[in-house]
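Morning, everyone. Please take a look at the next structure, and then I'll walk you through it.

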Amino acid sequence: MELHLNEDRRKHPRAGRMGLVVRLDGQTYEVTNWSMGGFLLDDYQGRLTPGALVTVAGLGCRKGDMHDVQLPARVVRTDDGVIAVNYLGLDAKAYDFLTDALNQCGEMRNLV
């Protein structure tokens, strides 16, 4: 059996900006792109560094309610105001919210 890998090796499909927000390290940020595995912020001005453990305290839509969650996560990379965060686990509330958001997103795409 031959295994073909596409150029994108991501485990989870990414969705573009659609007004998803997260509460991280006491601040609320609009997410640049996201998936069931994590998210990217391009306006982060905090002090977290790669490898740092952090708790995502809220998920929501820019024009909707913020859902309180306690999701363990790890910073996987940073670069001049950009931070990429991977969830270490999703609780049922977060999973349901993200699944609904992905299903409602008209522009599913893979981002590098």
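Let's start with the order of elements. Read along the sequence, the pattern is β-β-β-β-β-β-β-β-α-β. That makes nine strands and one helix. Keep in mind that this is a predicted model.

Now some overall numbers. The protein has 112 residues, and 41% of them are buried. Its accessible surface comes to about 7,100 Å². Carbon and sulfur atoms hold 46% of that surface. What about contacts along the chain? Take the contacts with a separation of 6 or more: 52% of them are between residues 24 or more positions apart.

On to the inside. In general, nonpolar side chains tend to be buried together in soluble globular proteins. Here, the largest nonpolar core has 27 residues. Which of them touch the most other members? They are Leu-24, Phe-39, Leu-41, Val-56 and Leu-59. Several elements give two or more residues to this core: β2 (20-24), β5 (38-41), β6 (53-61), β7 (66-79), β8 (82-87) and α1 (92-104). The largest share comes from α1, with five residues.

Let's zoom in on Leu-24. Leave aside its neighbours within four places in sequence. Which residues is Leu-24 in contact with? Among them are Phe-39, Leu-41 and Val-56. Tyr-29, Leu-48, Val-54, Thr-55 and Val-85 are also in contact with Leu-24.

Next, the aromatics. How many aromatic pairs does the structure hold? Two. One is Tyr-29 with Tyr-44: the ring centres are 5.5 Å apart and the planes are at 50°, so this pair is tilted. Tyr-29 sits in strand β3 (residues 27-30), while Tyr-44 is in the loop between β5 and β6. So the pair ties together parts 15 residues apart in sequence. Buried or exposed? Tyr-29 is buried, because its relative accessible area is 11% and the cut-off for buried is under 20%. Tyr-44 counts as buried too, at 5% relative accessibility.

The other pair is Phe-39 with Tyr-87. Their ring centres are 5.8 Å apart and their planes are at 55°, so this pair is tilted as well. Phe-39 is in strand β5 and Tyr-87 in strand β8. The two are 48 residues apart, and the pair links distant parts of the chain. Phe-39 is buried, at 1% relative accessibility. Tyr-87 is buried at 10%.

Key:
Residues numbered from 1 in each chain as written. Predicted model: local features only at pLDDT ≥ 70, side-chain atom pairs only at ≥ 80, totals over all residues. Heavy atoms only, no water. Core = buried A, V, L, I, M, F, W, Y, C linked by side-chain atoms within 4.5 Å. Buried < 20%, exposed > 50% of the residue type's maximum accessible area, 1.4 Å probe, protein only. Helix = DSSP H or I, 4+ residues; strand = E, 2+ residues; numbered from the N terminus. Contact = heavy atoms within 4.5 Å. Areas by Shrake-Rupley, 256 points an atom, 1.4 Å probe, with all protein chains shown as cover. Phe/Tyr/Trp six-rings, centres within 6.5 Å; stacked < 30°, edge-to-face > 60°.
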